[in-house]
Amino acid sequence: MWDTRMVKLEVELPDGIAEHAEEVQRTDPALLSRVVLYGLTRRTIYRNLRSRDGSDAS
């Protein structure tokens, strides 16, 4: 589908969410990758739509 490569991310999350994210990483690491990809895709689409309106999407 796409060329991919591994990246290392470090994020700060509230304790409960961090524990859940660690569990997901252990049990289904592909899910966490898909969630991050989904979020980044949404952000890219949003920025493109905003820039079409002439607004600054920073």
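## Helix packing

Helix axes are lines fitted to C-alpha atoms over the stretch in contact, and the angles between them run from 0 to 180 degrees between N-to-C directions. In this predicted model, helix H1, spanning residues 15-27, packs against helix H2, spanning residues 29-52, at an angle of about 120°. The two axes lie 5 Å apart. H1 and H2 are therefore oblique to each other.

On the H1 side, the contact is made by Ala21, Val24, Gln25, Arg26 and Thr27. Helix H2 contributes Pro29, Leu31 and Leu32. Sorted by class, the residues in this contact of H1 with H2 are 5 nonpolar, 2 polar and 1 charged.

Side chains of opposite charge can pair when their charged atoms come close. The count in this model comes to 1 salt bridge. The side chains of Arg26 and Glu23 meet in a salt bridge, with an N to O distance of 2.8 Å. Arg26 and Glu23 are 3 residues apart in helix H1, so about one helical turn separates them. Arg26 also takes part in the contact between H1 and H2.

## Nonpolar surface patch

A nonpolar patch on the surface is formed by Val7, Leu9, Val11, Leu13, Ile17, Val36 and Leu40. Together these residues have about 660 Å² of accessible area. Among them, Ile17 lies in helix H1.

Note on methods. Residues numbered from 1 in each chain as written. Predicted model: local features only at pLDDT ≥ 70, side-chain atom pairs only at ≥ 80, totals over all residues. Heavy atoms only, no water. Helix = DSSP H or I, 4+ residues; strand = E, 2+ residues; numbered from the N terminus. Parallel < 35°, antiparallel > 145°, perpendicular 65-115°, else oblique. Contact = heavy atoms within 4.5 Å. Nonpolar A, V, L, I, M, F, W, Y, C, P; charged D, E, K, R; others polar. Patch = residues over 30% accessible without salt bridge, like charges linked within 9 Å, V, L, I, M, F, W, Y side chains within 5 Å. Areas by Shrake-Rupley, 256 points an atom, 1.4 Å probe, with all protein chains shown as cover. Salt bridge = Lys/Arg side-chain N within 4 Å of Asp/Glu carboxyl O.
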